[in-house]
Amino acid sequence: MAGLRYALVLVAALLTGSMAGSCADAEDYPARPVRIIVPFGPGGPADVVARQIGSILQESLGQPFVVENRTGAGGVIGTLEVAKATADGYTLLMMSNTQTANESLVPQRKYELMRDLTPIASLNTSDLVIVVHPSVQAKTLQDFIALAKAQPGKLNYASSGQGTPYHMAGELFKAMAGIDVMHVPYRNSGEARSGVIGGQVQMMIDAVPAMAANVAENQVRALATTGKVRSAVLPNVPTVIEAGVPGYEATIWLGLMAPAGTPKPIIDKLNTAVSAAIRRPDVEKLWAAQGAVPMPMTPDEFDRFLRADIVKWADVVKRLDKTQ
C-alpha cells in the first residue's frame with residue numbers, strides 16, 4: 001500500500017513539474033527568432049500576409065518572425081519541412097486551402113495535415129477573380145465559356161501549382177461551366193501572374209488582393225469574381241453566379257499551423273497575439289482595401305474548420321475525377 005501511495009505521489013509530482021515547465025516555456029516564449037515557412041513563392045497572398053503578421057508579432061512578442069519561402073510540389077515541400085520540425089513553437093507554417101486540398105489530391109505526400117501539424121489561428125479570407133489577357137476575344141464570362149466550348153482543349157489557364165486554391169477553383173469552374181481548358185501550373189503565383197499578363201496563357205483565377213492593380217492598369221480583363229457577393233475592390237465586376245454559373249463559389253483563406261506536439265500554452269499565446277493583430281483597425285483597413293476579411297478563430301475552431309475543409313475538397317476532387 002505504501003508503495004502504491006509513493007507511486008501516485010511520484011506521478012503527481014512529475015505531472016505537476018511537466019505542467020509548470022510548459023507554463024514557464026510559454027512565459028519565456030519566444031526567446032529567439034521564430035521562422036514562418038511559406039510554402040509558396042514571394043509576392044503571393046500567403047507571402048504578403050506572412051510578412052505583415054510577422055512584423056506585428058515581432059512588435060507584440062519581442063522577437064523577429066522571419067519569413068522563409070520553401071516552394072515546390074504545390075506546397076508539399078514547405079509543409080513537410082514544418083511537419084518534421086521540432087515542436088517548440090519556433091517553426092510555423094503559413095498555409096491555405098492548398099494544404100486541405102492536398103489531403104486528397106496528393107496521396108503520396110509524407111505527412112498528414114491533422115496528424116503531423118496542429119492549428120494555431122486562421123487569418124483572413126478573400127475572393128478570387130477570373131481574368132483573361134486583353135487579346136482574348138471575350139468581354140464577359142459567358143463569352144469566354146462560349147469561346148472555350150467552340151475550341152475544346154485549345155485555351156489554357158495558369159495557376160501557381162497543382163492543388164493550389166487557384167488550380168482547384170479553375171477545375172471547379174471547368175466542371176460547372178462544362179468546358180475543356182488546359183491547366184498550366186507555374187512554380188508560384190508571381191510567375192503565373194506574369195504568364196497571363198504576358199499573354200503566354202489566356203486565363204487565370206487569382207486572389208483579388210494580388211490581381212486588382214493589374215485589372216486597374218488594364219493589363220488583364222476581369223470577367224467575374226468568385227464570392228457570393230461582388231467584391232468591394234472590384235464592384236463593377238459581376239460574380240461568377242451572376243455571370244451565369246449558378247452555385248459557383250471559391251475563395252482563398254490563410255492560417256497558421258505548428259508541428260504536432262507544440263505545447264498548448266505556446267499555441268494559445270500565439271493565437272492570442274495573432275487574433276489581436278488581425279483585429280487591429282489598421283490591419284482591417286489595409287485588408288479591406290485589398291478585398292480581404294479577417295477570420296479570427298480559436299485553435300479548436302480552426303481545427304474544426306480545417307477538418308471540414310478537407311472533407312469539402314475531397315468531395316470536389318471526387319467530382320472532378322468523374323468528369324475527367
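Some ground rules before the details. Because the model is predicted, local features need pLDDT of at least 70 and side-chain atom pairs count only at pLDDT 80 or more, while totals for chains, interfaces and linings use all residues. Residue numbers start from 1 along each chain as its sequence is written, and side-chain values use heavy atoms, with hydrogens and water left out.

I will begin with the charged pairs. Side chains of opposite charge can pair when their charged atoms come close. The structure holds 17 salt bridges, a salt bridge being a side-chain nitrogen of Lys or Arg within 4 Å of a carboxyl oxygen of Asp or Glu. One of them joins Glu68 to Arg35, with the closest N and O atoms 3.2 Å apart. That pair links distant parts of the chain, since Glu68 sits in strand β2 (residues 65-69) and Arg35 in strand β1 (residues 34-38), 33 residues apart. Helices (H or I, at least four residues) and strands (E, at least two) are DSSP runs, numbered from the N terminus. Arg35 and Glu68 also belong to a network of salt bridges with Arg70 and Glu81.

Is Arg35 buried or partly exposed? Arg35 is partly exposed, at 25% relative accessibility. The cut-offs are under 20% relative accessible area for buried and over 50% for exposed, with partly exposed in between (1.4 Å probe, protein chains only).

Glu103 and Arg109 meet at 2.9 Å, N to O; Glu103 is buried at 17%, and Arg109 is buried at 14%. Glu242 and Arg230 also meet at 2.9 Å, N to O. Both Glu242 and Arg230 lie in the loop between β8 (221-225) and β9 (251-259), so this bridge ties together parts that are 12 residues apart in sequence. Glu242 is partly exposed at 47%, and Arg230 is partly exposed at 38%.

Next, helix α6, residues 141-150. Which of its residues are buried? They are Leu141, Phe144, Ile145, Leu147 and Ala148. These residues lie on the same side of α6, because they cover an arc of only 165° around the axis, taken from the directions from the helix axis to the C-beta atoms. The face turned away from that buried side carries the exposed residues Lys149 and Ala150. The cover over the buried residues includes β4 (117-132), α7 (165-177), β7 (203-207) and β8.

On to the cores. A nonpolar core is a set of buried Ala, Val, Leu, Ile, Met, Phe, Trp, Tyr and Cys residues joined through side-chain atoms within 4.5 Å. The largest has 35 residues, and Leu141, Phe144, Phe173 and Tyr248 touch the most other members. Two or more residues each come from β4, α6, α7, β7, β8 and α12 (299-323). The largest share, 6 residues, comes from α7. A second, separate core of 34 residues includes Tyr29, Leu61, Leu92 and Leu123.

Last, Thr100, in helix α4 (residues 97-105). Thr100 is buried, with a relative accessible area of 0%. Its side chain makes a polar contact of 2.8 Å with that of Asp309; such a contact is a pair of N or O atoms within 3.5 Å, where within protein one must be able to donate a hydrogen and the other to accept it, and residues adjacent in sequence count only if both atoms are side-chain atoms. Not counting residues up to four places away in sequence, Thr100 touches Leu113, Trp253, Leu306, Asp309, Ile310 and Trp313, contact meaning heavy atoms within 4.5 Å.
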